[in-house]
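Here's a quick briefing for anyone meeting this structure for the first time. Have a look at the sequence and the model, then work through the points below.

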Amino acid sequence: MAEKTSIHGDLRLSNITKSYGDFTAVNDLSLTIPEGSFFALLGPSGCGKTTTLRMVAGLEEPTRGTISLGNTDITFTKPYQRPINTVFQNYALFPHLTIFENIAFGLRRRGIKDVKEQVDKALELVELSHLAGRKPTQLSGGQQQRIALARAIVNRPALLLLDEPLGALDLKLRRQMQIELKWIQKEVGLTFVHVTHDQEEAMTMADTIAVMNEGEIEQLGSPADLYDNPKTAFVANFLGQSNLIKGTISGNDGDNHIVDLFGQKISLAKNRSHAVDNSIYAGIRPEKFRISRLSTPTSGNLLSGGKIEDVSYIGVSTQYQVLMPWGQELMVFEQNDDAVAPFSVGEDVNISWESGFTFALRGDEDAEAGMEVEPEEIIEDDE
Amino acid sequence: MLKQAWKSSQKRSSKTMSKSGISSPRTPYLLLLPGMGFLFTFFIWPIANLAQTSTQTPVAGGDTGSYEQTLRWKNYIDAFVENKEQFGRSFLYAALATIFALTIAYPLAYAIAFKAGKMKNVLLVLVVAPFFTSFLLRTIAWKQILGEQGFVVPFLRNLHIIAPSTTLTSSAFAVVAGMTYNFLPFMTLPLYASIDRIDPRTLEASGDLYANGFTTFRKVTLPLSMPGVVAGTLLTFIPAAGDYVNAAILGSPETKMIGNVIESRFFKIVDYPTAAALSFTLMATILILVTVYIRKAGTEELV
């Protein structure tokens with residue numbers, strides 16, 4: 001047993017492929033997850049994130065590639081031989097055991113006789129000490145979720161895997177648990193690998209996010225990196241919303257490209273362009289846009305000739321659909337924090353933004369990739 | 001999520017249905033009436049009759065089969081002392097048949113529930129298939145299978161597992177084998193129902209929490225399937241203890257069970273009081289054993 005707990009270090013997936021017949025769930029995936037980090041695998045249903053997690057847990061064997069933890073190859077070891085524990089999507093608590101025995105299960109299997117102190121500590125951590133004698137069915141969803149977490153954490157694994165752990169909770173409880181999970185991760189200092197389809201959840205909790213699509217990693221980085229400077233249309237649309245405008249690089253100006261968007265010139269920082277040739281999509285997040293009346297002076301990039309198509313008042317902000325001369329509707333989020341009277345439908349406006357916010361994608365991409373995904377559907381599919 | 005919401009709305013609507021005035025408080029009793037009437041006519045009444053027969057004695061100088069009520073409770077003691085060997089044998093055979101049926105049915109039910117995939121329904125039909133032919137015919141068929149002309153005896157003789165002079169029919173082996181076979185579906189179906197309900201993710205969780213396959217079986221699968229084990233063993237043990245067909249067809253006078261004694265007392269010797277007393281003793285013994293067993297197994301906690 002001693003050698004089990006001594007395995008630790010970075011988790012390294014090297015060229016992992018998992019196929020089921022003709023279908024490739026995970027395709028040549030390589031990934032290093034540093035020890036002690038909170039890592040999220042984010043993607044829509046069927047992107048291979050859960051399969052990846054199950055291979056790390058040992059519940060599936062990769063078709064090709066290796067998985068190692070520190071210097072130990074664990075590709076083909078059995079789940080019970082790995083210092084890795086999982087918080088399952090629907091918790092999978094043992095219905096015939098009390099909460100105390102559920103949490104003690106892993107400790108007892110490893111031959112630890114005196115489990116009381118550790119179990120009590122784990123229960124304290126999730127603030128459910130008073131429920132130790134109950135059965136799982138007598139607990140609410142949120143409580144079961146915390147017990148599932150305590151049952152995994154009590155073993156002090158080198159790696160804790162969380163498979164959509166908050167998927168079954170309602171929105172309010174989910175927000176609360178996100179903060180608690182993050183706090184617990186800091187408190188216990190374990191490596192957390194979190195699988196989710198909820199981009200907000202991933203952004204709130206993780207230090208590093210890998211966005212997955214069709215069995216491959218689209219982009220890996222900190223939440224801010226991914227949001228501010230997405231590399232692909234899939235990431236730009238899946239992580240928040242983006243306005244992608246077709247254009248061509250028509251010239252250079254120092255560190256900037258001059259980009260032609262349907263006849264109007266804007267500037268784009270060279271290091272924020274992921275394009276391979278002159279054909280690009282210029283991307284701007286909706287909240288980076290400012291709307292102004294034709295007479296108002298603007299700074300930064302400017303697109304003129306817009307017409308307000310639709311206004312929705314959200315409270316903290318107002319969302320506008322602005323029809324541009326080339327027929328595209330742009331989405332604009334305006335904070336309701338200034339004295340500017342709200343714009344009304346049919347008004348002629350200009351759109352401006354600070355040029356540093358522009359990012360550029362390859363012009364041959366599908367501008368709608370990652371857009372059509374409905375979160376509700378994902379939950380259904382994963383079950 | 002949608003599914004759950006749908007289910008809970010179903011629950012809600014069924015609750016409101018029952019409140020919605022169509023049913024008066026008397027309805028449940030009216031619905032119970034046909035069943036109660038049936039039970040009274042064909043169970044309570046005969047049982048009461050049997051009870052009062054059990055303490056009768058022969059009419060002095062009367063015909064065979066004429067008895068009068070004398071409240072002779074000693075009938076019970078006499079009947080038991082006279083037949084304690086058959087009693088012991090009944091419970092021994094029933095216990096053996098139950099153990100063998102459990103040993104065969106558990107892996108079978110487990111395989112159907114977890115490993116059968118698309119074959120699940122086909123296999124379940126196969127488990128029930130023997131019911132399509134008569135219980136008697138199947139038991140008689142066993143006589144042939146285990147007989148001198150069958151393939152089992154020569155095969156075992158050639159392998160020197162049994163001596164050339166040993167036969168398998170008319171033996172305790174044949175009776176227990178017959179009972180095991182006949183009650184196998186009653187063991188398999190409740191086991192299957194209970195194993196099929198186990199969430200396979202709890203087994204994955206067990207593996208994830210350092211339990212190997214055997215420990216997972218011992219600590220998770222078996223405890224979670226206990227309701228099926230209890231139901232299956234009861235459905236096998238109770239009828240097996242009172243069975244007389246297997247012993248009559250596959251056994252010999254040395255393998256007589258209490259069911260055979262009751263049958264011959266009733267229909268051949270026409271000794272109604274002893275037959276009735278034996279029936280009651282058998283019923284009471286089974287009732288006590290089953291109560292103790294259910295208490296010990298503690299299934300009420302497993303839902």
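In the hairpin of β9(A) and β10(A), with 2 residues between the strands, A:Glu214 takes a positive phi near 50 degrees. Strands here are DSSP runs of E at least two residues long, helices are runs of H or I of at least four, and both are numbered from the N terminus. Keep in mind that this is a predicted model: local features need pLDDT of at least 70, side-chain atom pairs count only at pLDDT 80 or more, and totals for chains, interfaces and linings use all residues. As for labels, residues are numbered from 1 along each chain as its sequence is written, while chains are lettered from A and ligands numbered from 1 in the order in which they are written.

**Strand pairs in chain A**

- β9 (residues 208–213) and β10 (residues 216–221) run antiparallel and are joined by 5 bridges; two strands count as a pair if DSSP finds at least two bridges between them.
- β19 (residues 348–353) pairs with β15 (residues 290–293) in antiparallel fashion, through 4 bridges, and A:Arg290 sits opposite A:Ser352 of β19(A).
- β19(A) also pairs antiparallel with β16 (residues 301–313), this time through 5 bridges, and there A:Asn301 stands opposite A:Trp353.

**Domains and a covered helix**

- Chain A splits into domain 1 (2–228) and domain 2 (242–362), with bounds that come from an automatic or database domain assignment.
- The C-alpha centres of these two domains of chain A are 40 Å apart.
- Helix α2 (residues 49–57) of chain A has 9 of its 9 residues buried. Buried means that 20 or more other C-beta atoms, placed from the backbone, lie within 10 Å of a residue's own; 12 or fewer is exposed, and in between is partly exposed.
- Among the buried residues of α2(A) are A:Lys49, A:Arg54 and A:Val56, and just after the helix A:Gly58 takes a positive phi of about 95 degrees.

**Nonpolar cores**

- In soluble globular proteins, nonpolar side chains tend to be buried together.
- The largest nonpolar core here has 107 residues, and A:Val56, A:Ile103 and A:Val211 are among those with the most contacts inside it. A core is a set of buried Ala, Val, Leu, Ile, Met, Phe, Trp, Tyr and Cys residues joined through C-beta atoms within 7 Å.
- Each of domain 1 and domain 2 of chain A gives at least three residues to this core.
- Another core, of 45 residues, lies apart from it and includes B:Ala97 and B:Met257.
- Leaving out residues up to four places away in sequence, A:Val56 touches A:Leu11, A:Ile67, A:Ile84, A:Leu161 and A:Val193; contact means C-beta atoms, placed from the backbone, within 7 Å.

**Chain B and confidence**

- In helix α11 (residues 258–267) of chain B, the buried residues include B:Ile258, B:Val261 and B:Arg265, and α3 (74–115) and α12 (272–297) of chain B are among the elements covering them.
- Chain B has a mean pLDDT of 87, with 90% of its residues at 70 or more; pLDDT is the predictor's confidence in each residue, from 0 to 100.
- Over residues 1–18 of chain B, pLDDT stays under 50. Where pLDDT is low, the predicted coordinates should not be read in detail.
- The model scores ipTM 0.81 and pTM 0.79.

How values were computed. Contact = placed C-beta atoms within 7 Å.
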